[in-house]
Every structure is written in structure tokens, then in C-alpha cells.
Amino acid sequence: MENTTAKKASKADPKGKIISGYVEYVLEHGQEPVSIYKFAKELKMKEEDFYSYFTSFEAIKSAVWGKLFDDTIQNLESQEVFKEYSAREKLLGFLFTLVEELKKNRSYLLSLYADHKDLKKLLPKEVKSFKSKFKDFANEIILEGKETEEIASRPVISDKYDEALWLQVWFVFQFWLNDSSPAFEKTDAAIEKSVNLAFDLMGKSALDTFIDFAKFLYQNK
Amino acid sequence: MESKVKEQQSIPVSKVQRAAKFISTGAKVGGNYMKHYAKKVVNPSMTNEQLHTDNATDIYNSLSQLKGSALKVAQMMSMDKNILPRAYQDKFTMAQYSAPPLSYPLVVKTFQKYFGKAPEQMYETFTRSAVNAASIGQVHQATMKGKKLAIKIQYPGVADSVSSDLKLVRPFALRLLNMNEKELDHYMEEVEGKLLEETDYVLEVQRSREISGACSHIEDLTFPNYYEELSSERIITMDWIEGNHIKEWLETNPSQAEKNRIGQALWDFYHHQVHNLKQLHADPHPGNFIIQKDGKLGIIDFGCVKILPEDFYQGYFALIKRDLLINEEELNAIFYGLEFISDKDTEEEKTYFKAVFKEMISLLGKPFHSETFDFADNSYFEQIFKLGDRISNDKMFKKSRQARGSRHGLYINRTYFGLYNLLNQLEANIKTTKPDWLK
């Protein structure tokens with residue numbers, strides 16, 4: 001009985017089965033499967049069927065990240081107070097919730113990413129879907145921030161804000177991977193401080209007034 | 001939104017400025033070292049004395065520009081090297097103060113971590129922004145069943161950073177207090193232990209309930225209720241105490257009788273803790289005392305509690321016995337016991353330090369020597385500061401190679417000094433009660 005329901009579930013969602021199978025494999029073996037052939041066999045799947053869902057391990061890893069993002073957003077939106085948050089608070093909320101989601105998969109993430117010295121080089125491929133989803137989310141926040149004047153519009157630079165926020169997410173992830181404080185409290189502090197810095201930089205500051213003034217002087221020389 | 005940001009910033013702003021003041025002091029002290037080494041290149045015979053004087057002047061100038069607790073540090077510093085924990089603590093708390101308040105998402109996260117619920121689900125109302133900054137956390141206001149509550153939330157990572165923060169302050173303190181490293185380490189453990197305890201909110205709730213329960217019979221005092229089921233390692237829920245701090249209350253021009261009554265309540269509170277409970281609220285910071293509309297004195301914040309070991313207690317308080325100041329042998333024994341003098345001292349040092357400590361004790365113990373004592377008497381406090389100045393400028397003290405005074409004395413001295421100061425502020429005339437064995 002149990003078997004049939006499991007099969008039904010997997011038939012309905014072979015993609016989900018592959019993702020969770022992959023995560024489980026990494027958890028059990030501490031490394032990626034050697035080949036897609038072997039992995040498909042373990043899942044009792046034909047290799048060619050496998051390719052109709054994923055064509056590489058990178059694609060699976062990317063899907064894991066995508067799922068992390070979706071879960072985070074789902075969790076975030078279930079918090080009632082989220083809608084009332086300011087832009088700054090929304091980003092904070094996102095990062096705190098993301099860390100919670102990451103925590104559920106810490107062993108998996110550690111075994112894949114703990115030893116990589118240079119994560120920047122490695123990740124673009126794997127986190128592609130995560131990145132694009134996050135950028136959509138970030139742009140929404142930025143737009144809202146501009147409306148409430150939490151974020152200043154600046155020529156050229158403000159188009160790069162989403163990229164900057166993405167780097168921040170990446171910073172938080174790396175910080176969290178190396179965090180050994182109880183309950184990852186240091187990561188919480190890192191999130192607070194880095195988001196405050198980011199928003200203080202994006203907000204209207206003395207520098208804007210200075211540039212405005214300099215421009216005025218230059219034009220009226 | 002705009003107004004909310006301002007509201008949050010309005011709380012710590014002055015503290016940030018104070019922290020900045022400290023930083024500028026640090027920079028100046030560093031500058032003095034530069035000057036010192038530059039001069040030394042030209043004139044190698046130059047001693048460290050000049051440097052210390054330079055430092056002391058800069059630090060004192062900087063501190064005397066500050067009001068409140070930091071000024072007290074300067075005063076206490078000249079009084080007794082035992083003020084170390086205070087200087088340390090102020091530096092430490094200032095470092096904390098300079099941190100901006102917790103964002104609301106982090107507050108929510110902290111609640112979810114410990115209770116699995118958002119604050120809105122736990123209380124009927126909950127302020128989104130902090131209403132007050134505590135030394136290592138912030139305070140929000142909430143209501144439940146028509147009752148106003150104060151919710152204290154600790155900054156994340158504070159407990160973890162106590163040791164490293166203390167290390168950061170160490171070089172500063174070494175220069176600030178003109179101490180040698182041995183002396184500093186002597187007190188270090190005590191301070192670190194106390195600070196770590198302060199980060200343990202479960203312990204704080206337990207102690208608050210214990211001490212406030214044991215002191216509930218004292219007249220004119222009131223304590224908030226603590227709600228264990230709504231508290232955790234990082235969150236404390238207690239009753240909101242409405243009223244004025246001593247300074248604000250004094251501005252309402254209370255009568256002398258009223259001032260005496262509040263002062264007496266304060267004195268009785270400490271008397272009971274020290275002599276009967278042998279553990280005490282060791283943070284007589286003015287912010288921890290609130291005078292309510294009904295005239296009762298509300299006492300909060302049992303984060304810093306000092307437990308008195310029995311032998312230390314006996315030795316310390318035996319010193320305030322008046323006639324004892326004549327009995328040489330007994331006095332020697334106590335001085336040894338409290339580590340004021342030791343066998344490492346030369347005869348000359350022994351005689352000198354005994355004389356100084358005797359003078360200090362007879363002065364500090366003066367309130368105990370009569371039935372009542374008028375703390376409004378400013379000349380008494382001036383006498384203390386003068387003695388302190390003399391001591392701190394004395395070469396014998398500067399040259400002394402060892403720490404003087406038991407480490408248990410640190411927080412007791414600080415507490416009594418704080419208490420005397422509060423009573424002075426209140427201009428109260430106090431019945432200075434003593435336990436029977438000291439009469």
C-alpha cells in the first residue's frame with residue numbers, strides 16, 4: 001500500500017523525486033554520484049528518462065537552490081506582518097528566513113560547498129535559477145524602496161542595486177557556512193549589520209547632496 | 001516609516017556620541033604614545049612618567065566633558081583602582097550601545113526561535129520599535145489582559161562576544177587605569193564572569209524572582225512580576241513599571257520627608273540583601289530605580305548579582321566596626337584576608353598601605369558610625385574625592401607591583417559607591433542600620 005502511494009507520488013512528480021534522491025545521495029555519501037547512469041540506476045530509472053527532466057548534476061543542484069528560494073518566499077509570505085514591512089525590513093526578513101531554510105539543508109550544503117575556497121567561480125551555473133528569482137524579488141523591494149524614498153535613485157548606479165543585493169545574499173551564505181557560533185547567532189548579527197549598511201548606502205546620503213552641490217558649482221562657474 | 005526610523009534612532013543617539021567620545025580618547029592616547037616615542041628618539045632618558053601624565057590628562061579631560069556615568073568613572077577612578085569593573089563595563093556597554101537597535105524582523109525571528117510564535121501571537125499588542133535600550137538588548141512594550149508589559153530582548157551574539165570584547169578593551173584599560181597586567185588579570189576573571197552571567201536571561205529571571213521575593217516585605221519597595229513561561233535565554237517578559245527616574249522625580253520638588261523615605265527604602269533594600277541574603281543587586285545605576293505615582297520605589301534589572309562568600313563578608317564588614325580601627329592585630333589579619341597587603345610587601349610598604357587603607361575605610365565607613373547619616377552633605381563626598389586624588393597621584397601606589405584588594409570587593413565597592421551617590425542625589429537623611437554583630 002505504502003509502496004503504491006510512493007510510486008504514485010513519484011510518478012506525479014519525478015522531478016521532485018530526483019531532487020530529493022540527489023540530496024539524499026550527497027548526504028549519505030558525502031559527494032556527488034559518479035555518473036548519471038549510476039545515479040539513475042539507484043533511483044530505479046532509465047537513464048534516457050532521467051534526461052527528460054535533468055541533463056546534468058548542475059541542473060539538479062540549480063533546482064535545489066530554486067526550491068530553497070521558493071520555500072523561503074512561501075514561508076515569508078505566510079508571516080502576516082511581512083506585508084507591513086518596509087523595504088529594509090523585507091530584505092532582512094528574507095535573509096533571516098533564508099538562513100532558516102538553509103539550516104534544514106546544512107549538511108548537504110556543507111558537503112558540497114564547504115571545501116570550495118572560491119565560491120564565486122563555481123556558483124554562477126548552479127545558482128542560476130536562484131539568482132534570477134532573487135533578482136526579481138530584489139527588484140520588487142528596490143522599486144518599493146524608491147517609492148517610499150528609502151532608496152535613492154541615482155543614474156547608472158541604481159540599475160546595479162539588484163546585483164549588489166545578490167552579492168550580499170552570497171556574502172551571508174558564505175558567512176553562514178563558516179559560522180560556528182551557537183544557533184548561528186553571528187549570522188543573524190551579520191545580516192543585521194550588512195543590510196543596514198546596504199540600505200544606508202542606497203538611501204539618500206550626504207554624498208548625494210554633495211554631488212548635487214558640486215554639480216551646481218560646476219555649472220555656474 | 002519616516003517617523004519610525006527617527007523614533008528608533010532617538011534612543012541611542014546620545015550613547016553613540018558618548019561611544020564616539022571614547023574612541024577619540026583612544027586616538028589621543030595613541031597619539032601620546034607616538035609623541036612619547038618621537039621624544040624618546042631625541043632624548044632617550046625620558047621616562048614613562050611623562051607618558052602616563054599625558055595619558056591621564058587626556059583621559060581625564062575627555063571624561064570630564066562627559067556627563068553621567070562616564071564622569072563617575074573618572075571620579076571613581078581617582079578614588080580607588082577598584083573601579084576597574086565600572087570602567088570596563090561602561091566601555092563594554094558603550095560598545096553595545098553604539099549598535100543600532102534590532103530590526104523588527106530579527107525580533108520576530110528571535111521570538112519564533114524560542115516560542116515558535118510571532119510576538120503578535122503572544123501578546124495582545126506589541127510595539128514594533130524598541131521603547132528603550134538596555135545594556136545588551138532592547139526593551140519593547142506589550143500588553144496582555146489589560147496589563148502593560150516590558151519585553152527585554154537580547155542582541156544576538158552578545159554572549160559569544162563578551163570575552164573578545166573584553167580583550168579589545170584590555171589595552172585601553174591598561175593605559176586608562178595605569179595598572180600593570182598582573183593587576184588587571186586579577187580583576188579580569190571577576191568582570192568576565194559577571195558579564196557572562198548578565199547575558200543569561202534564564203538566570204536573570206530566576207534571580208529576579210528570588211531576590212524580589214525575599215525583599216517583598218521591605219516597606220516602600222515594589223518589584224515587577226516576571227513571567228517565566230514568556231521568557232527564554234534571550235527574552236524576558238515582566239511587568240511594565242510606570243513612574244519617574246530619581247532625577248525626574250527630584251524635579252517635581254518632593255519634600256524632604258519624601259526624599260528621606262525613598263532613600264531609606266533604598267538603604268533597607270541593600271541592607272537586607274547584603275546582611276541577610278548575602279547576595280545583591282550589584283548595579284545601582286539610576287535607570288534601575290523608578291519612583292511610582294503611589295510613592296513606591298520600583299526596582300528592576302537583576303542582571304548583575306554578586307554573591308558574597310561568607311569569609312569575605314565577615315572581613316569586609318568587620319572593617320566598618322568603629323572601635324576596630326584601633327585594634328592593630330585584628331586589623332592586620334583582615335587586611336591580609338582581603339589581600340590589601342601580603343607577604344610580598346616590604347615593611348615600608350606594609351606600614352604605608354595600612355595607613356592609607358585605614359584612612360580610606362574610616363572615611364568610607366563613616367555613614368555606619370552614627371545612627372543616622374546625612375547624605376546631602378557634599379563636603380563628605382569632597383573628602384572622598386580628595387583622598388582619592390591624593391592616592392591616585394601617590395607614587396607608592398603607582399609603583400606597587402601587585403593587585404590590592406580581594407576581587408570580591410570589586411562589585412561591593414561599586415555597589416556602595418553607587419548607593420552613596422544615589423543617596424547624595426536624593427539629599428536623604430538615612431537611618432544607617434547595621435546588623436547586630438556590628439553594633
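This is a predicted model: local features need pLDDT of at least 70, side-chain atom pairs count only at pLDDT 80 or more; totals for chains, interfaces and linings use all residues.
Just past the end of α6(B), G116(B) takes a positive phi of about 70 degrees.

| Helix | Residues | Number of residues | C-alpha span, first to last | Expected span |
|---|---|---|---|---|
| α6(A) | 87-104 | 18 residues | 26 Å | 26 Å |

How much of α6(A) is covered? Most of it: 13 of its 18 residues are buried. Over in α6(B), the buried residues are Y104(B), P105(B), L106(B), V107(B), V108(B), K109(B), T110(B) and F111(B). The cover over them comes from both chains, and includes α6 and α11 of chain A as well as α7 (119-122), β4 and β6 of chain B.

Two of those covering elements, β4(B) and β6(B), are strands that pair with each other. They run antiparallel and are joined by 5 bridges, with A150(B) partnered by M238(B) in β6(B). Strand β4(B), residues 147-154, also pairs with β3(B), residues 137-144, again in the antiparallel sense, over 8 bridges. One of the bridge pairs there is V139(B) with K152(B). With 2 residues between them, β3(B) and β4(B) make a hairpin, and K145(B) in the turn has a positive phi of about 45 degrees.

Now for the place where the chains meet. On the chain A side 16 residues are in contact with 13 residues of chain B. The elements of chain A that give two or more residues to its side are α6 and α11 (185-202), and α11(A) provides the largest share, 6 residues. By type, the chain A side splits into 5 nonpolar, 6 polar and 5 charged residues.

Finally, the nonpolar core. The largest one has 58 residues, and those with the most contacts inside it are L91(A), L92(A), L95(A), I191(A) and V107(B). Its largest share, 8 residues, comes from α6(A). Why does this core lie between domain 1 (2-51) and domain 2 (62-214) of chain A? Because both domains give residues to it. As for V107(B), leaving aside its neighbours within four places in sequence, this residue is in contact with L102(B), P119(B) and I153(B).

Note on methods: Residues are numbered from 1 along each chain as its sequence is written. Chains are lettered from A and ligands numbered from 1 in the order in which they are written. Helices (H or I, at least four residues) and strands (E, at least two) are DSSP runs, numbered from the N terminus. The expected span of a helix is 1.5 Å times one less than its number of residues. A residue is buried if 20 or more other C-beta atoms lie within 10 Å of its own, exposed if 12 or fewer, and partly exposed in between; C-beta atoms are placed from the backbone. Two strands pair if DSSP finds at least two bridges between them. Two residues are in contact if their C-beta atoms, placed from the backbone, lie within 7 Å. Ala, Val, Leu, Ile, Met, Phe, Trp, Tyr, Cys and Pro count as nonpolar, Asp, Glu, Lys and Arg as charged, and the others, Gly among them, as polar. A nonpolar core is a set of buried Ala, Val, Leu, Ile, Met, Phe, Trp, Tyr and Cys residues joined through C-beta atoms within 7 Å. Domain bounds come from an automatic or database domain assignment.
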